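Hi,

Here is the structure I promised to pass on. Have a look, and my notes follow below.

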Amino acid sequence: MKKVITQWYGEKVKQSPDYGRIINDNHFKRIVKLLEGTKIVYGGEYDSNERYIAPTIVVDVKPTDPIMQEIFGPILPIITIDNTVDAINFVNQGEKPLSLYVFSNKKTDIDLFIKNTSSGGVCINDTMMHFSCESLPFGGVGNSGLGAYHGRYSFDTFTHKKGTLVKNAGKLGEKLQNARYPPYNESKAKFLSTMLKKRPTIPMTYMWHFISFGLGVVATLAAKCACNYMEYKKHKNQF
């Protein structure tokens, strides 16, 4: 990590034209205060006149330390975790994050994180790139936000699906629904229990088979009726 920082900004980061500054004094003071009492292994320098804070790495951090929050600054706190399962448990102990970044070359570890954690989005071996992909929904879950946007997902977030039922069954339909109304008895209770019982949904593949079969039966009966009618007319003309 130190090597990459040097490659990007040179030996003197403060003098690099590519390295930014903190947006205002309030945020500068807030971020500097987070460094108090921490174990800094890289960086840590700052200049209030320029609102400059060097890229900083902090180790031996505890989950309850003040620095364990949304920093919005160039500080990387590191918590040591023994294994993948412990890392997943650590993530699940807190609020659901807006983004979860996993850096690993092991597909099994990546799959474990994806399947066993809940977050607004997941980015593997990179950061922020899932936000720039317009075909992916971007948003939070739980405390990290509600809904998502990008393309169709924006419309879905701000669209309410209003369920509407219009009853127009006529007298016969109302008669068939008579079991809903008092006076109640055992037969009505059994009828309602049967009607409300959840049944497995018929797959559309089979539904088309049923429709095709039904149309075939109707076509066969229609053809038979037509043949009988023609036969009837033929015999009638003979007399």
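I'll start with histidine 150: leaving out residues up to four places away in sequence, it touches His130, Phe131, Cys133, Glu134, Leu136 and Phe138, where contact means heavy atoms within 4.5 Å. Bear in mind that this is a predicted model, where local features need pLDDT of at least 70, side-chain atom pairs count only at pLDDT 80 or more, and totals for chains, interfaces and linings use all residues. Numbering runs from 1 along each chain as its sequence is written, and side-chain values use heavy atoms, with hydrogens and water left out.

Histidine 150 sits in the loop between helix H5 (129-132) and helix H6 (152-157); helices are DSSP runs of H or I, at least four residues, and strands are runs of E, at least two, numbered from the N terminus. Histidine 150 has a relative accessible area of 10%, so it is buried (under 20%; exposed is over 50%, partly exposed in between, with a 1.4 Å probe and protein chains only).

Tyrosine 101 belongs to strand S6 (residues 99-102) and is partly exposed, at 31% relative accessibility.

Setting aside neighbours within four places in sequence, valine 32 is in contact with Tyr46 and Ile53.

Cheers
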